[in-house]
Amino acid sequence: MTSLLARFCLAVVCSLTCLAAHAGNVDADLRQAAKLHKGGETVPAVAIWKAWAEQGNVDAAYNLAVIHQHGDGVPTDYAEALRWYRVAAERGDKASQFQIGLMYQVGQGVAADQEEAHRWFTMNRRHHLHHEHQPQMVAWRQQALALIEERDRREQVAAARNGSAQVLADLKRRAGISDERPTATVALASQTSLR
């Protein structure tokens, strides 16, 4: 049994090591592509981004979409930009979903379609709409509402107290009544002693 557990642990450690090495390569490659592109060497940068985008990397697909949409080192190609935005959007990238919505809204590379634009703009929201009626979400919403109402009530009470004190002070000032005791009375009070 311990031999089986040891093999399993070894397999997990090897898998995690390979995954970490793979993730390190992606980050290093994407940084290298960004440096190349910034330095004006777009062709090798595009090759790196395409290799990773074709493997499903969202960041690489988004970068390809941006440079094609804006003609940054490559010819402007809205169809190609839309294709790479879709690759990233299908993997849940919100920025890509939003960009596709914008492209449909203004008709950039596609026919302008307000309904399709709205669908892309709200895709992420609708995807999570089912959470709205879960008991935990309802309880959190009620708790938040109670906290907000309590805060508002405290602020209103404080404002009312402050306002009434201000009104009282203003009325006393107009009537010529001072909050201070006359100085002669104060002096007498301090000189009297108990017998």
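At 9% relative accessibility, His68 counts as buried, where buried means under 20% relative accessible area, exposed over 50% and partly exposed in between, with a 1.4 Å probe and protein chains only. His68 is part of helix 3; helices (H or I, at least four residues) and strands (E, at least two) are DSSP runs numbered from the N terminus. Leaving out residues up to four places away in sequence, His68 touches Val74, Pro75, Thr76, Asp77, Glu80, Ala81 and Trp84, with contact meaning heavy atoms within 4.5 Å.

This is a predicted model, in which local features need pLDDT of at least 70 and side-chain atom pairs count only at pLDDT 80 or more, while totals for chains, interfaces and linings use all residues. Residues are numbered from 1 along each chain as its sequence is written, and side-chain values use heavy atoms, with hydrogens and water left out.

## Overall make-up

The protein has 9 helices and 0 strands, which gives the pattern α-α-α-α-α-α-α-α-α along the sequence. Of its 195 residues, 22% are buried. Among contacts between residues at least 6 apart in sequence, 33% join residues at least 24 apart.

## The nonpolar core

A nonpolar core is a set of buried Ala, Val, Leu, Ile, Met, Phe, Trp, Tyr and Cys residues joined through side-chain atoms within 4.5 Å. The largest one holds 29 residues, and Trp49, Leu64 and Ile100 touch the most other members. At least two residues of this core come from each of helix 1 (2-38), helix 2 (42-54), helix 3 (58-70), helix 4 (78-89), helix 5 (94-106) and helix 6 (114-121).

Beyond four places in sequence, Trp49 touches Leu30, Ala33, Ala34, His37, Ala60, Asn63, Leu64 and Ile67. One of these, Ala34, lies in helix 1 and counts as partly exposed at 39% relative accessibility. Ala34 and Trp49 are 15 residues apart in sequence and 9.2 Å apart in space, C-alpha to C-alpha.

Ala53, in helix 2, is buried with a relative accessible area of 4%.

## Helix 4

Helix 4 has 12 residues and reaches 16 Å from its first C-alpha to its last, close to the 16 Å expected at 1.5 Å a residue; the expected span is 1.5 Å times one less than the number of residues. Its buried residues are Glu80, Ala81, Leu82, Trp84, Tyr85, Ala88 and Ala89. These pack against helix 2, helix 3, helix 5 and helix 6.

## Helices 5 and 6

The axes of helix 5 and helix 6 come within 8 Å and cross at roughly 170 degrees. Axes are lines fitted to C-alpha atoms, for helices over the stretch in contact, and angles run from 0 to 180 degrees between N-to-C directions. The two helices are therefore roughly antiparallel, a term for angles over 145 degrees.

Helix 5 contributes Gln97, Phe98, Ile100, Gly101, Leu102, Tyr104 and Gln105 to the contact, and helix 6 contributes Gln114, Glu116, Ala117, Trp120 and Phe121.

## Helix 8

Helix 8 (residues 135-175) has 41 residues and spans 59 Å from first C-alpha to last, close to the 60 Å expected at 1.5 Å a residue. Just after helix 8, Gly176 takes a positive phi of about 80 degrees.

Conventions:
Angles under 35 degrees count as roughly parallel, over 145 as roughly antiparallel, 65 to 115 as roughly perpendicular and the rest as oblique.
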